[in-house]
Amino acid sequence: MAQVVTAAETLEDKLTEELGYNDHFHEHHHGDKYQSNFLTTYIFSTDHKIIGRQFLMTGIFWAFIGAAMSIVFRLQLGFPEADMAWLRPILGKWIQVDPNGIGKLDPEFYYSLVTLHGTILVFFVLTAGLSGTFSNILIPLQIGARDMASPLLNAFSYWFFFLAGVVLFLSLFLSTGPFSGGWTAYPPLSALPQASEGSGAGMTMWIVSMALFIVSALLGGINYITTVLNLRTKGMTLWRMPLTIWAFFITAVLGVLSFPVLLSGVLLLMFDRSMGTSFYLSEIVVGGQVLERIGGSPILFQHLFWFLGHPEVYIIILPAMGIVSEVLSVHSRKPIFGYTAMVYSMLAIGFLAFIVWAHHMFMSGVNPFISNFFVIFTLIIAVPSAVKVFNWIGTIYGSNFRFTSASLFGVGFVSMFISGGLTGIFLGNSAIDIQMHDTYFVVAHFHIVMGIAAFFGMFAGVYHWFPKMFGRFMNETLGKIHFWGTLVGAYAIFWPMHYTGLAGVPRRYYDAGATFESFRHFGDLNKFITVAAIFVFFLQVLFIINFFYSIFSGRKVTVKNPWGANTLEWTTPIEAGHGNWPGRIPTVQRWSYDYSKNGEEFIPQYVPLKEGERDMGH
Amino acid sequence: MSSAAERYNQSKINPQKVALWIAIASMVMVFGAFTSAYIVRRAAGNWLEFKLPDVFFVSTAVILLSSITLHLSYTGFKAGNEKRYKLMMIATAVLGLAFIVLQYKGWEALNEIGATFTVNPSSSFIYVISGLHAAHVLGGIAALGVALTHAFILPYKPTLRRRQRFELVVQYWHFVDLLWVYLIIFFMLNGS
């Protein structure tokens with residue numbers, strides 16, 4: 001076995017020397033001056049591999065905070081009578097202790113927790129932590145580039161994200177609490193500083209944080225697109241790109257076109273808050289006082305918000321789709337089923353993302369005739385989504401499947417995407433939405449289809465590319481415990497919510513709707529959901545332990561290409577320095593999915609086509 | 001090998017230009033969002049009607065002229081006409097600053113006819129949209145400042161690198177010009 005590997009590596013060296021592309025990179029030594037000490041190497045680095053890992057670490061930090069928040073409000077929902085005084089050391093005055101010594105979660109803070117859980121998970125974890133991490137690490141490595149088109153802007157992209165996090169984190173310590181009007185920040189709660197406790201300083205900091213985050217997303221997106229368009233190595237045509245790169249590319253396009261619209265919406269919100277305009281505010285009575293604002297439309301904000309908000313869910317799920325396509329193909333030892341259809345379906349999803357936003361607003365007063373249009377386009381998304389699911393199943397069907405943590409999470413992703421996608425067909429109908437809107441059915445739908453599914457994609461990516469990122473493997477046993485526990489646990493959390501939602505239990509209520517007689521019998525179900533959530537939370541802690549333990553003490557990677565994959569990132573040294581390849585950049589001779597072909601298990605992209613062999617990419 | 005590598009490099013557009021085009025696309029989305037919001041809000045009624053002050057049309061002429069002067073400067077740069085290159089670039093910077101001043105006069109004129117910042121969304125939109133556009137023009141003037149230092153402090157050298165840098169400024173400047181033309185036509189058609 002060892003001899004085979006050595007032979008393959010000499011072949012690789014030989015081919016890189018013969019066919020590789022010499023860009024005279026190492027003659028200038030400009031790579032080294034940026035990495036002269038600890039600070040420039042690991043903190044203020046402009047190297048895409050370091051920046052990617054920075055995104056990942058920061059994402060893990062925020063995932064932990066966001067998940068811990070959900071545990072606090074799940075405790076409130078599942079065990080409303082329980083004493084929460086033990087949380088006082090952490091939450092301080094947000095736990096109100098009555099004379100009997102029984103601690104209760106402050107209702108206002110409950111709303112803050114729900115709001116920040118959404119903001120953190122959607123933006124900080126599943127946007128920055130997912131596409132930020134993997135776009136950074138994989139785009140230059142898989143297309144054969146020395147670094148991003150602009151390494152400096154790339155570093156700025158991370159630091160703006162970091163600052164956005166700092167601002168939001170500090171808002172936790174405001175005496176009036178962080179913003180509490182929901183992650184969607186609808187006016188008037190977001191537009192009137194006097195509307196609620198969190199609408200004052202908390203909302204101001206939320207807006208500043210979002211503005212910084214939008215800058216980060218735009219800088220990152222511009223860089224990813226330019227890099228994919230301009231810096232591909234010789235031979236890497238668009239139709240030879242791995243699906244990961246296609247996914248990150250389409251994701252970046254969506255981000256660059258949709259985040260600016262949120263910026264516009266938030267800018268108008270800032271003027272309403274502090275300059276006295278009334279874009280979103282109409283005649284409102286607050287605290288017995290009639291406001292002087294006239295003529296604004298709160299629906300206008302919803303339009304602007306969801307014009308970002310809907311593409312945003314694809315910004316979350318597309319990178320996961322790309323990662324899963326790659327991971328499933330590598331671990332199935334089979335070419336991805338329907339490569340071209342995969343690309344076109346991602347392009348279709350990306351296009352449709354921009355013309356379905358009002359399906360989030362069916363019940364907020366938009367014209368029902370306009371809703372028809374949005375229903376139709378929403379349901380059409382099921383077509384490219386089904387194409388993708390069919391192709392993933394086609395990829396693993398009849399394969400010699402390798403059950404690794406990475407590939408299991410890939411399969412888990414497909415399972416979650418099917419389960420959550422089916423309920424999307426319910427919710428996409430404006431008539432059914434009359435009953436379903438703002439219930440736990442919606443919560444169950446989007447948590448499964450974009451929350452859990454995107455996390456599974458992320459886990460698949462982390463387990464798969466961990467050897468590339470840190471030169472070591474993660475512990476497989478812990479990884480499999482993590483997978484099976486999370487798969488069962490996540491369904492245990494969200495499956496019951498479909499039932500409570502169908503019955504009409506409203507989301508975001510402090511008491512889970514227990515003030516309504518008809519919802520009281522869901523109390524036990526709520527307890528069950530909370531217990532499952534705690535179980536899943538501790539499994540993620542297990543993942544974090546495994547992650548950090550493996551960075552320092554995991555099993556070392558001894559060969560460049562431990563999974564036997566075709567893509568170019570596995571041709572770099574195990575600990576790749578600045579510039580990724582020590583010598584010439586390998587050139588690409590074929591597409592990236594030649595597995596089990598011509599009697600060989602895999603044929604990397606740098607291997608030239610044989611006489612008469614047809615390239616599968618076109 | 002190296003000639004093949006050079007050919008391979010030349011077949012691609014300058015990455016900085018690509019990046020700027022993408023950034024321009026995102027700016028288009030910002031203003032597209034504003035003008036769509038304007039239409040949606042206007043359709044909802046309670047909309048104050050007023051005539052756009054004439055000074056905005058003067059500023060339109062000024063910024064259009066500045067694009068012409070910048071183009072002349074650019075062709076001067078390429079043709080080796082150092083004098084035209086420098087002179088026309090100064091003219092562009094002056095016209096750019098004049099545009100900002102004229103926009104400010106426009107806001108004052110709006111205020112005078114009672115279309116203040118807060119009276120009605122119809123006027124609020126004008127201030128916000130034209131204000132954000134003016135901020136983009138200021139960014140263009142800053143970029144022009146870099147081009148001016150190239151023109152006046154560094155020795156004149158029409159190298160490829162220098163030309164590409166200049167082209168970035170030209171690309172952005174024409175964009176903010178066209179953006180304003182779109183906005184003024186939009187305001188005229190959607191009667192405020």
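Student: How much of chain B counts as buried, and what makes a residue buried?

Tutor: Of the 192 residues of chain B, 32% are classed as buried. The word applies if 20 or more other C-beta atoms lie within 10 Å of the residue's own; 12 or fewer make a residue exposed, anything in between makes it partly exposed, and the C-beta atoms are placed from the backbone. Please keep in mind that this is a predicted model, in which local features need pLDDT of at least 70, side-chain atom pairs count only at pLDDT 80 or more, and totals for chains, interfaces and linings use all residues. Residues are numbered from 1 along each chain as its sequence is written, while chains are lettered from A and ligands numbered from 1 in the order in which they are written.

Student: Why is Phe354(A) called partly exposed?

Tutor: Phe354(A) has 16 other C-beta atoms within 10 Å, so it is partly exposed. Phe354(A) sits in the loop between helix 10 and helix 11 (368-380) of chain A. Between Phe354(A) and Ser258(A) there are 8.2 Å from C-alpha to C-alpha, although they are 96 residues apart in sequence.

Student: What makes helix 8 of chain A roughly parallel to helix 10 of chain A?

Tutor: Helix 8 (residues 243-274) of chain A packs against helix 10 (residues 339-352) of chain A at an angle of about 15°, with the axes 10 Å apart. That angle is why the two helices of chain A are called roughly parallel. Angles under 35 degrees count as roughly parallel, over 145 as roughly antiparallel, 65 to 115 as roughly perpendicular and the rest as oblique. The axes are lines fitted to C-alpha atoms, for helices over the stretch in contact, and angles run from 0 to 180 degrees between N-to-C directions. Helices themselves are DSSP runs (H or I, at least four residues; strands are E, at least two), numbered from the N terminus.

Student: Which residues meet where helix 8 of chain A packs on helix 10 of chain A?

Tutor: From helix 8 of chain A, those in the contact include Trp246(A), Ile250(A) and Leu254(A), and from helix 10 of chain A they include Met342(A), Met346(A) and Gly350(A). Contact here requires C-beta atoms, placed from the backbone, to lie within 7 Å. By class, this contact has 10 nonpolar, 1 polar and no charged residues. Ala, Val, Leu, Ile, Met, Phe, Trp, Tyr, Cys and Pro count as nonpolar, Asp, Glu, Lys and Arg as charged, and the others, Gly among them, as polar.

Student: How many residues of chain B touch chain A, and which helix of chain B gives the most?

Tutor: On the side of chain B, 27 residues are in contact with 34 residues of chain A. Helix 1 (2-10), helix 2 (15-43) and helix 5 (121-152) of chain B each give two or more residues to that side. Helix 2 of chain B gives the most, with 15 residues. By class, the side of chain B divides into 20 nonpolar, 5 polar and 2 charged.

Student: How many helices and strands does chain B have?

Tutor: Chain B has 6 helices and 0 strands. Its C-alpha trace spans about 70 × 35 × 20 Å along its principal axes.

Student: What is the mean pLDDT of chain B, and where does pLDDT stay under 50?

Tutor: The mean pLDDT of chain B is 90, and 93% of its residues reach 70 or more. That score is the predictor's confidence in each residue, from 0 to 100. Over residues 1-7 of chain B pLDDT stays under 50. As for the model, the scores are ipTM 0.90 and pTM 0.93.

Technical notes:
Contact = placed C-beta atoms within 7 Å.
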